[in-house]
Amino acid sequence: MAAFRRLASIVNRLNVWSAPRNELLGAQTTTGGRTQRCLAVGMCLATGGAVAFYLYNDMYSQRCRKRMGYSFSGRDLLPVLSAVEAQQKTRPFDFEEGDVYMSSHEQRFRLFSSVEYEGQLYMTPQNFIESVTMSEPRNKKPWMSLTKQELEKTLVDTPAVWQGTSKLFRNLRERGIIAYTEYLFLLCILTKPHAGFKIAFNMFDADGNQMVDKREFLVLQEIFRKKNEKKGRKGDVEKSAQLSMQLYGYQVAPVNSRAEEGMMIDTTLLVHFFGKKGKAELTFDDFYRFMDNLQTEVLEIEFLTYSKGMTTISEEDFARILLRYTNVENISSYLDNVRQSIPDEKGITFDEFRSFFQFLNNLEDFAIAMQMYNFASRSIGQDEFGRAVYVATGLKLTRHLVHTIFKIFDVDHDDQLSYKEFIGIMKDRLHRGGRGYKTAERFTSFKSCMKKELAGSR
């Protein structure tokens, strides 16, 4: 194309197209004029020949590609982009508001995802961490399109499950991919109490041999896929198909063979759990360690964001973290409660911080215990609160932590806690931005959690 532009420039300088009409029709001219016309005609013929050769060569290449099994699209006629330009895709599948219905989880996954492979979107480990610790992506870039070779290279650094630590996602950063169904699975882990880890494992252990293989684990993805097929999506049909492709890897309900083929794309979790060859089996001890490490890693990141390298965070910062991802409209009033009630900062340690969020994962059992006090018409003070936490969860919160919680939510300054308000706000917080509304969902078992996530996806 550059050669064509240079040729047009030369022809333009010969003033062929601005010549008088009688010259173009063959009127008598000087010898110099005839020379210019001959040269121009020759160049035009050369240009036409070059274009014909280009089109013939392109059509021949297309036929060759078809015989070799490659697909052809109109994009093949466009100039080839450089490798750097081809790697990043602008967002061709972005939707206008009202085009197609998306759940809050789907919206958040698309917002934070940064990788595309064969039309399906994926998060990197760093994307996932940002999605549960930040309101917006740190650096929103176009989706990076991976080739098969690039995808394989991305997964090379994935460690075996027995090598997992509470820094797994931070160490991998951009070197890995997480599918949408795995994203929902990880969100469930973050809201799962330790006592329910065994229930989660047994859900996958279909044959009851206390080991989970890759095929058993992939049942999870199939559950989400089938749920997606059964429920129609409101909005533009074509855009709905595009969204299904982005989230699940297909546009229309696939036949069984296609579904199995789609699920065989290795991801970071599959390689981590079952090895690069997919032959390893997952034990309960390894599964428990992974879930515990993930919860710890997310809490460490949140804590370190505010601690600035110190061993504690302020009570006010603790309140800020608690009220993130909630529907509380006037957060400043809660922060004022803390400043006025705790003028002398003592600080919240990471152990206290972690114990509170472990308690939060047992929120439903705690709510039942709190209702018993309410039915008995007993006021709920700090001692009653601490006892209810211990009875329901087995966790002992420090007196300073309980005192801080009370001062955050004691809007009437009577040293009593409105448990309905507290539980309502904390259930919001539990979902880490995954809900667009306050919810009273129960998380009594991993199975019910997964059902809620499936229902929430539509």
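Reader: What share of the 458 residues in the protein chain is buried?
Author: This is a predicted model in which local features need pLDDT of at least 70 and side-chain atom pairs count only at pLDDT 80 or more, while totals for chains, interfaces and linings use all residues. Residues are numbered from 1 along each chain as its sequence is written, and side-chain values use heavy atoms, with hydrogens and water left out. Taking buried as under 20% relative accessible area, exposed as over 50% and partly exposed as in between (1.4 Å probe, protein chains only), the buried share of the 458 residues is 49%.

Reader: Thanks! How much of the accessible surface belongs to carbon and sulfur atoms?
Author: Happy to say. The accessible surface of the protein chain comes to about 24500 Å² (Shrake-Rupley method, 1.4 Å probe; for residues, only the protein chains shown count as cover). Of that surface, the part on carbon and sulfur atoms is 54%.

Reader: How many helices and strands are there?
Author: Both are DSSP runs numbered from the N terminus (helices H or I, at least four residues; strands E, at least two). The secondary structure of the protein chain then comes to 23 helices and 8 strands.

Reader: Which percentage of contacts joins residues at least 24 apart?
Author: A contact here means heavy atoms within 4.5 Å. Among contacts between residues at least 6 apart in sequence, the part joining residues at least 24 apart is 72%.

Reader: How are α16 and α17 oriented to each other?
Author: Helix α16 (residues 315-323) and helix α17 (residues 331-341) pack with axes 9 Å apart, at an angle of about 150 degrees. Axes are lines fitted to C-alpha atoms, for helices over the stretch in contact, and angles run from 0 to 180 degrees between N-to-C directions. Under 35 degrees counts as roughly parallel, over 145 as roughly antiparallel, 65 to 115 as roughly perpendicular and the rest as oblique. With about 150 degrees between them, α16 and α17 are therefore roughly antiparallel.

Reader: And how many nonpolar residues does the contact of α16 with α17 have?
Author: E315, E316, A319, R320 and L323 in α16 meet I331, Y334, L335, V338 and R339 in α17. Nonpolar covers Ala, Val, Leu, Ile, Met, Phe, Trp, Tyr, Cys and Pro, charged covers Asp, Glu, Lys and Arg, and polar the others, Gly among them. This contact has 4 charged and no polar residues, and its nonpolar count is 6.

Reader: How do α15 and α18 lie to each other?
Author: Helix α15 (residues 284-307) and helix α18 (residues 350-360) have axes 11 Å apart and an angle of about 125 degrees. Residues that meet include D292 and F303 in α15 and F350 and R354 in α18. At about 125 degrees, α15 and α18 are therefore oblique.

Reader: What about α20 and α21: how are they oriented?
Author: The axes of α20 (residues 382-393) and α21 (residues 399-409) are 10 Å apart, at an angle of about 115 degrees. Q382, D383 and F385 in α20 meet R399, V402, H403, I405 and F406 in α21. The residues of this contact divide into 4 nonpolar, 2 polar and 2 charged. As for orientation, α20 and α21 are therefore roughly perpendicular.

Reader: Is L430 buried or exposed?
Author: L430 belongs to helix α22 (residues 419-430). Its C-alpha atom is separated by 9.3 Å from that of L322, 108 residues apart along the chain. Because its relative accessible area is 7%, L430 is buried.

Reader: Last one: which residues does N362 touch?
Author: N362 is found in the loop between α18 and α19. N362 is buried, with a relative accessible area of 14%. Not counting residues up to four places away in sequence, N362 touches P193 and T393.
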